[in-house]
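The questions below ask what stands behind some of the terms used for a structure. Each answer sets a value against a definition.

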Amino acid sequence: MLNKDQSQEASNGATALQAGRDIIVGISASEARNIALDVAKATFYELSGDARNLASSRVEEITNKVIDKLESEFPEGLWKARDPDFQYALLTVQKQYARNGDTDLGDLLVDLLVDRSKQEKRDILQIVLNESLETAPKLTDSQLSNLAVIFLFKYTQNHKVLNFYELGNYFDAHVKPFVSLLTKSQASFQHLEFAGCGTIQIADMTLEDVLFHTYGGLFMVGFDQSQITTIDIPESTSNELFMPCINNSQKMQVRMKNLEILKDFLAGKGLPTHIQSQITSLYENHRLSNEEIQKKCIEVRPYMSEMFDAWNNSSMKSFSMTSVGIAIGHANIKRHVGQFADLSIWIN
């Protein structure tokens with residue numbers, strides 16, 4: 001998915017450097033680092049004595065992280081060190097890290113800033129990322145973790161999750177890092193609203209329902225083979241649509257991972273509306289109960305018991321995220337997982 005094209009052009013007065021496979025356009029890492037540290041000097045003058053020395057040390061630490069991450073992930077972005085808007089965003093990161101020295105928050109801010117450096121123009125994504133840099137320091141580790149799992153379950157799906165083995169791997173990579181940090185405090189969610197990360201709505205959705213909506217094919221009780229023979233479809237289509245039930249080999253189930261994928265498949269086959277309704281009914285009416293879905297997930301990974309408790313007994317189940325909440329949740333997941341889909345999928 002990454003563009004490895006090494007072609008480049010330098011405008012008048014600019015310098016283009018290349019070393020190995022990396023391309024640095026217009027400015028070296030050393031120059032970018034010096035500019036970035038110059039940006040923070042004004043911050044030091046606001047402090048005195050030991051506080052100034054500590055702030056100076058922290059700013060140098062976070063600046064090195066920014067430059068190192070740009071070098072490794074987006075070297076073309078080093079030239080942004082000369083851009084006033086980027087400098088302002090960088091100064092926000094430097095000031096926040098100088099104040100508290102929180103490593104986890106610092107890493108999160110670095111990820112947000114590097115993502116922001118990839119935006120070439122003042123569009124909605126750049127504006128959201130700028131706002132996220134201001135908002136993330138106002139949140140606790142628990143609130144940041146809540147945003148990560150709400151974003152994960154409500155706004156994403158992993159196409160590799162086709163069996164319980166992959167579901168367990170998915171939980172380990174994307175859920176386990178946050179489980180112990182989650183909060184159920186209503187005050188915390190009210191503060192997330194105040195900070196502009198989302199809203200608490202009247203309607204809610206249990207985690208069991210969220211999982212069925214996204215990975216429903218894993219949570220079927222199955223139906224008898226005889227129910228398939230009554231549906232008037234070609235045998236080739238039937239073979240694509242049905243399979244032995246994952247949870248009961250004596251039964252059959254619809255093969256599709258979720259209802260949305262099933263409906264797209266049926267529409268693509270051009271089947272009559274009443275036939276499509278018969279098949280979607282088989283999918284919707286032969287699912288595990290919420291209690292059974294929860295039990296299955298806890299069998300796969302016992303720590304999911306904490307996840308279900310935190311979700312179903314807090315405002316997570318009714319929290320709708322804003323673009324800023326999505327950007328912060330996305331960055332927090334990316335910080336733990338590494339590679340993750342581009343934020344522009346959700347904010348464009």
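Q: How many disulfides does a search of the whole structure find?

A: The search finds 0 disulfides, a disulfide being a pair of cysteine sulfur atoms within 2.5 Å. This is a predicted model, in which local features need pLDDT of at least 70 and side-chain atom pairs count only at pLDDT 80 or more, while totals for chains, interfaces and linings use all residues. Residues are numbered from 1 along each chain as its sequence is written, and side-chain values use heavy atoms, with hydrogens and water left out.

Q: Why is Cys197 called buried?

A: Buried means under 20% relative accessible area, exposed over 50%, and partly exposed in between (1.4 Å probe, protein chains only). Cys197 has a relative accessible area of 0%, so Cys197 is buried. Cys297 also has 0% and is therefore buried.

Q: What makes Glu208 buried or exposed?

A: Its relative accessible area is 5%, so Glu208 counts as buried. Glu208 lies in helix α10, where a helix is a DSSP run of H or I with at least four residues and a strand a run of E with at least two, numbered from the N terminus. Glu208 and Gln294 are 86 residues apart in sequence, with their C-alpha atoms 6.2 Å apart in space.

Q: How many aromatic pairs does the search find, and why is the pair of Tyr170 and Tyr215 given its name?

A: The whole structure holds 11 aromatic pairs. The ring centres of Tyr170 and Tyr215 are 5.8 Å apart and the planes stand at 65°, so the pair is edge-to-face. The pair links distant parts of the chain, Tyr170 in helix α7 (residues 164-174) and Tyr215 in helix α10, 45 residues apart. By definition, rings of Phe, Tyr and Trp (its six-membered ring) pair if their centres lie within 6.5 Å; planes under 30 degrees apart count as stacked, over 60 as edge-to-face and the rest as tilted. Both Tyr170 and Tyr215 are buried. Elsewhere, ring pairs link Phe151, Tyr155, Phe340 and Trp346 into a cluster.

Q: What makes β4 and β5 a pair?

A: Two strands pair if DSSP finds at least two bridges between them. Strand β4 (residues 242-245) and strand β5 (residues 248-254) have 4 bridges and pair in the antiparallel sense. Pro244 stands opposite Met252 in β5. A hairpin of 2 residues joins β4 to β5.
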